[in-house]
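Let's read a protein model together, one feature at a time. Have the viewer open as we talk.

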Amino acid sequence: MKVIKHSEEVLKVALISKDTQLVRLYDKFEPKEKLLLNEAFQPDSLLFKPITLHSDSDWISSHPEPTQDFAQFYRHPCRNIPSPQKSHIYIQPIGSFGDSTVTTDVYMRWVKDYCEAFYNGLTVRILGPEPVLHTNCAFRVNEYTHNLQIHAGMGIFSFARYDSDFYSANYKGKLKTTKKLSPTDYSVFDGYYTPEVTSILLLRSCKTLTHEIGHIFGLHHCQWLQCVMQGSNHLEESDRRPLDLCPICLRKLQSALGFNITERYKALKRWMEEEANGTEAELSNEAQLGLRKPVEAFKESYDWIVKCLEILQK
Ligand SMILES: [Zn+2]
Ligand SMILES: [Zn+2]
């Protein structure tokens with residue numbers, strides 16, 4: 001295992017910068033906010049730890065990329081900042097999920113509420129689900145795993161891939177027949193297996209979705225500290241990265257969205273506390289279906305947020 005340990009000075013410059021205008025901007029944070037952000041360069045911080053590489057197949061080992069500090073992010077000419085005309089995040093579900101379309105609706109609402117807490121201040125809208133047919137994407141059965149794959153040619157987040165069994169011989173989505181697929185016949189997706197809704201699936205969904213949306217705002221892969229913006233090459237590496245941002249990426253996002261750091265953590269904490277949130281009609285619908293938001297897998301992240309809030313509310 002290799003530890004990527006940056007010096008105190010390097011992390012301090014990555015966070016605050018040496019540019020006097022950006023230093024002044026940093027000084028506008030409340031003293032308690034700065035106390036939390038400065039944890040980035042405390043050598044023995046319990047909140048923000050150095051990135052560890054476990055094998056040559058980890059992202060940083062296999063995809064060398066330039067680093068991006070706060071100043072590089074802030075000065076980037078094509079940085080995406082929300083405006084009155086551009087203030088929504090749209091999520092387009094493709095295909096159905098779980099054993100019914102209602103499960104898809106409920107699950108997407110949990111994910112949407114999480115994204116709204118994470119991208120505090122923005123509105124997230126879920127578009128009506130589209131069948132795979134409407135995407136015109138090519139598909140194939142992987143010759144090694146026998147899993148059905150869609151070729152998207154763009155950023156697509158696949159729920160199936162986050163099933164604990166996806167890479168195992170026991171994965172229930174394997175196609176049993178070896179019959180030739182027609183490129184225009186999408187009926188193979190009708191009733192196709194989708195993973196069971198579990199807490200770990202919800203955790204992985206929230207993590208991957210917020211990571212991908214982070215790129216839309218111009219955040220590059222994080223190479224400073226353990227962070228949800230770390231690149232990941234495989235499921236084990238993705239599971240290893242934390243659910244939230246390091247202080248450097250948090251400052252980047254805060255400068256784009258202008259949220260209050262404490263309020264954002266409070267919103268994330270609330271989402272993890274409320275096993276059931278939503279309108280009364282939505283909740284009674286979920287109760288009838290026997291669905292409740294499974295938040296067990298978020299315990300570690302919850303405890304971490306509580307510690308951050310302790311610093312912010314000291
Ligand atoms: Zn990425
Ligand atoms: Zn980061």
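Q: Leaving aside its neighbours within four places in sequence, which residues is Ala-297 in contact with?

A: Two residues are in contact if their C-beta atoms, placed from the backbone, lie within 7 Å. Beyond its neighbours within four places in sequence, Ala-297 is in contact with Ser-199, Ile-200, Leu-202 and Leu-203. Before we go on, a word on the source: this is a predicted model, where local features need pLDDT of at least 70 and side-chain atom pairs count only at pLDDT 80 or more, while totals for chains, interfaces and linings use all residues. Residues are numbered from 1 along each chain as its sequence is written, and chains are lettered from A and ligands numbered from 1 in the order in which they are written.

Q: Where is Ala-297 found?

A: Helices are DSSP runs of H or I with at least four residues, strands are runs of E with at least two, and both are numbered from the N terminus. Ala-297 sits in the loop between helix H11 (280-289) and H12. Its C-alpha is 8.9 Å from that of Thr-198, although the two are 99 residues apart in sequence.

Q: Why does Ala-297 count as partly exposed?

A: Count the other C-beta atoms, placed from the backbone, within 10 Å of a residue's own: 20 or more makes it buried, 12 or fewer exposed, and anything in between partly exposed. Ala-297 counts as partly exposed because it has 16 such neighbours. Ser-17, in contrast, counts as buried because it has 20.

Q: What is the phi of Ser-17?

A: Most residues other than glycine have a negative phi. Ser-17 is not a glycine, yet its phi is positive, about 80°. You'll find Ser-17 in the loop between H1 and helix H2 (20-27).

Q: Which residues touch the most other members of the largest nonpolar core?

A: A nonpolar core is a set of buried Ala, Val, Leu, Ile, Met, Phe, Trp, Tyr and Cys residues joined through C-beta atoms within 7 Å. Here the largest one has 51 residues, and Leu-15, Ala-40, Cys-246 and Cys-249 touch the most other members. H6 gives the most to this core, with 8 residues.

Q: Which residues of H10 are buried?

A: In H10, they are Ile-261, Arg-264, Tyr-265, Leu-268, Trp-271 and Met-272. Seen down the axis, these buried residues fall within an arc of 120° (taken over the directions from the helix axis to the C-beta atoms), so they line one face of H10. On the other side of H10, Arg-270 and Glu-273 are exposed.
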